[in-house]
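Have the viewer open, try each task, and then compare your steps with the worked solution.

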Number of protein chains: 2
Amino acid sequence: MSRLSLNSKTTNAWSLSELILGCRTAGIEQVGLWRDLYDGADVGHAGRAVADAGLTVTSLCRGGFFPTDDRDVRRARAADNLAAVDECVALGTTVLVLVCGGLAGRDLAGSRQQVADAVGALATYADVRGVRLAIEPLHPMYCADRSVVSTLDQALAIANDHPVDTVGVCVDTFHLWWDDAALARLPEIGRRIAAYQVSDWLDPLPDVLLGRGMMGDGVIEFDVWTRAIADSGYPGPVEVEIFNQAVWDTPGDKVAALAKERYERLVEPFLG
Amino acid sequence: MSRLSLNSKTTNAWSLSELILGCRTAGIEQVGLWRDLYDGADVGHAGRAVADAGLTVTSLCRGGFFPTDDRDVRRARAADNLAAVDECVALGTTVLVLVCGGLAGRDLAGSRQQVADAVGALATYADVRGVRLAIEPLHPMYCADRSVVSTLDQALAIANDHPVDTVGVCVDTFHLWWDDAALARLPEIGRRIAAYQVSDWLDPLPDVLLGRGMMGDGVIEFDVWTRAIADSGYPGPVEVEIFNQAVWDTPGDKVAALAKERYERLVEPFLG
C-alpha cells in the first residue's frame, strides 16, 4: 500500500465530500485533515464519511498556539486543544499536529517554556485517548507569529520529556530543508517522528504564508531528506501539504493527480 | 566614544556626501558602508571624504555570493571579492562582510562547501591586505537565494578553519534572533565576532527583503542579545543596518536621529 497521504490544505478549495471523491478518483487512500474542513459540521459525521469511503486519516491539523500572557485566552486554548484530541478520536486518527504558536510579548525563552508546559499539560489526556502529539517545528520566519518552535532540536527538547509514543515531532521539508543539523539528526530519532510532510521551497519565495510549492517545483532535495527519513526507520505516511494560492486556484483533481505523480517520482523511490 | 555605527543601508536614499553630513548632524562618528554608495565613483575619493570628515568606517558590505556551477561566473565573483578587499583598504576599514550566496542548483551541502572553499581562497589575500572576513549567517528564509550559511553554527564551521583574526563572523540580530543555540554560543566565541549588527524583526513581517525594523519596533530582545555580545568580550562597533522601505522613505536626518536614540536606549546600556 502506498504511503502517500493527501493533506486537505493541498486541495484547499475542496469540501470534505469533494476531497473524498477526489481521492477515490486519484487513487489516494490516505488523507491528512485540517479542522476547517468540518468547521460548523459534526466531526463524527465527517469521521464516518471518511471511513465509509475507505480512507485513512493520517493526522489532524492543528492543535497548539499555546503562548499567551492572558489567562483567559490560555484556558480557552487549552480547551480547544482538548477538543482537538477528541476530534482525532472521532476521525480515527492517532496523530495531532501541533503548531505551537508565536511569541507572547517579547519573551522568546518564556514563550518556549509556555509551549513545553502546555504540551505537558495536554499529553496525558491525549495519551489516554490514544492520540500522539506531533510537535511541528516551523520555519524560523514564522517564529514571531506562528511557532516559537523553529528547529528540530527545539521540538525534540520538548518531546524528549515525554514517552516516545506520547509526544513526537512532525518533520516538514518546507520548514527544515535549510537545517543540516536537523538532517543529520533524523537517522537517530526515528521513533520520535510522528509525521513526515513534504512540500517544496520555491525560489524566489512568492509569499511568506502561501509560497510553498509542489515537490519538484523548488529547491528541496527530496531524495536526501527522504533517505534520512528511511534511515530513521520511520514507518508512517508521507503527507503532501501545500499552502500556495496558485495551487489552490488549480482544479483539485489536477492537483491531486500531480501530487501523486510527483510523490511517486521524487519521494517514494527513496523510502527504502 | 560611542560604539554606534550607522550602516549606509539604513539611510538608503542618502548619497555619500549626505551620509557624511548627516552623521555630523546626528553626532554619529562611525559608518558601515555598502558598495553601492560609491558605485561608479572613485573609492579612493570616497575613503578620503569619509576620513576627512573624521568618520571611521566599521565595515564594508558586501563580498560573497560564492556558489555557482558556472566556472566563468565563479572567476568573475572571485575577482569581485578581491576588489572588495581592495576597497576595504581604500576606505580604511578592516572588516569585509560576506553575504555568502544562495544555492547552486539543488545541492545545499555542495553549495556550502563552495562557500567554505571560496572563503579559503580569499582569506590569504584579505589577511595580507589587513582585512578580516566576516561571514554573516543570514536568516534561513534567504537560504535559497542569498546565503546558504543560515546559522551561527554553520558560519563558525567555516570560520574556525582559519585564524581568528583572519576570518570571523557577523552577528546580526535580525537573522539570528530565533536561534537559542546561537545565543547560547555567543559568550564562548567572542574573538570570532567581527561585527555586531542590529535591526528588529517586525510582526507581522511586512516584506521578506525590506521588512526589517528600527530597534524597539519589533519583537527582538536587544537586552538579551547585547548582554550575550558583551559577555563574549566583543569590543567592536554596533552597526544599525535596516532594510525597510518605510524607513527609506523617511528623511535621513530623522532616521539617523532615531537610530541613535534607540541605540542609546535599547542597546548601549547592555554593552557592559
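The exercises below go from confidence to chain contact, barrels, helix packing and backbone geometry.

This is a predicted model, in which local features need pLDDT of at least 70, side-chain atom pairs count only at pLDDT 80 or more, and totals for chains, interfaces and linings use all residues. Residues are numbered from 1 along each chain as its sequence is written, while chains are lettered from A and ligands numbered from 1 in the order in which they are written.

**Exercise 1. Find where confidence in chain A is lowest and where it is highest.**

Step 1: Start with the chain as a whole. The mean pLDDT (the predictor's confidence in each residue, from 0 to 100) of chain A is 97, and 100% of its residues reach 70 or more.

Step 2: Go to the elements, where helices (H or I, at least four residues) and strands (E, at least two) are DSSP runs numbered from the N terminus. Helix H2 (residues 43-52) of chain A has the lowest confidence, a mean of 97, and strand E5 (residues 132-135) of chain A the highest, at 99.

**Exercise 2. Describe the contact of chains A and B.**

Step 1: Count residues, taking two as in contact if their C-beta atoms, placed from the backbone, lie within 7 Å. Chain A gives 20 residues and chain B gives 20 residues.

Step 2: Sort the chain A side by class. It has 13 nonpolar, two polar and five charged residues; here Ala, Val, Leu, Ile, Met, Phe, Trp, Tyr, Cys and Pro count as nonpolar, Asp, Glu, Lys and Arg as charged, and the others, Gly among them, as polar.

**Exercise 3. Trace the barrel of chain A.**

Step 1: Follow the strands, which pair if DSSP finds at least two bridges between them. Eight of them close into a barrel in the order E1-E2-E3-E4-E5-E6-E7-E10, with parallel pairing. From one strand to the next, the twist averages 30°; angles run from 0 to 180 degrees between N-to-C directions, and axes are lines fitted to C-alpha atoms, for helices over the stretch in contact.

Step 2: Look at one pair. Strands E2 (residues 30-34) and E3 (residues 56-64) of chain A are joined by five bridges, and Trp34(A) has Cys61(A) as its bridge partner in E3(A).

Step 3: H5 (residues 152-159) of chain A lies across E5 and E6 (167-172), at about 165° to E6(A).

**Exercise 4. Are H1(A) and H10(A) parallel or oblique to each other?**

Step 1: Take the geometry. Helix H1 (residues 16-26) and helix H10 (residues 252-267) of chain A pack at about 50°, with axes 10 Å apart.

Step 2: Apply the cut-offs: under 35 degrees is roughly parallel, over 145 roughly antiparallel, 65 to 115 roughly perpendicular, and the rest oblique. H1(A) and H10(A) are therefore oblique.

Step 3: Name the contacts. Glu18(A) and Gly22(A) are among the H1(A) residues that meet H10(A), where the partners include Gly252(A) and Lys260(A). The contact divides into four nonpolar, three polar and three charged residues.

**Exercise 5. Locate backbone exceptions.**

Step 1: Recall the background. Most residues other than glycine have a negative phi, and most peptide bonds are trans.

Step 2: Check the prolines. The bond from Asp203(A) to Pro204(A) is cis, with omega near 0°, and the bond from Asp203(B) to Pro204(B) is cis, with omega near 5°. Pro204(A) sits in the loop between strands E8 (200-201) and E9 (212-213) of chain A.

Step 3: Check phi. Phe65(A) has a positive value, near 50°, and lies in the loop between E3 and helix H3 (71-91) of chain A.
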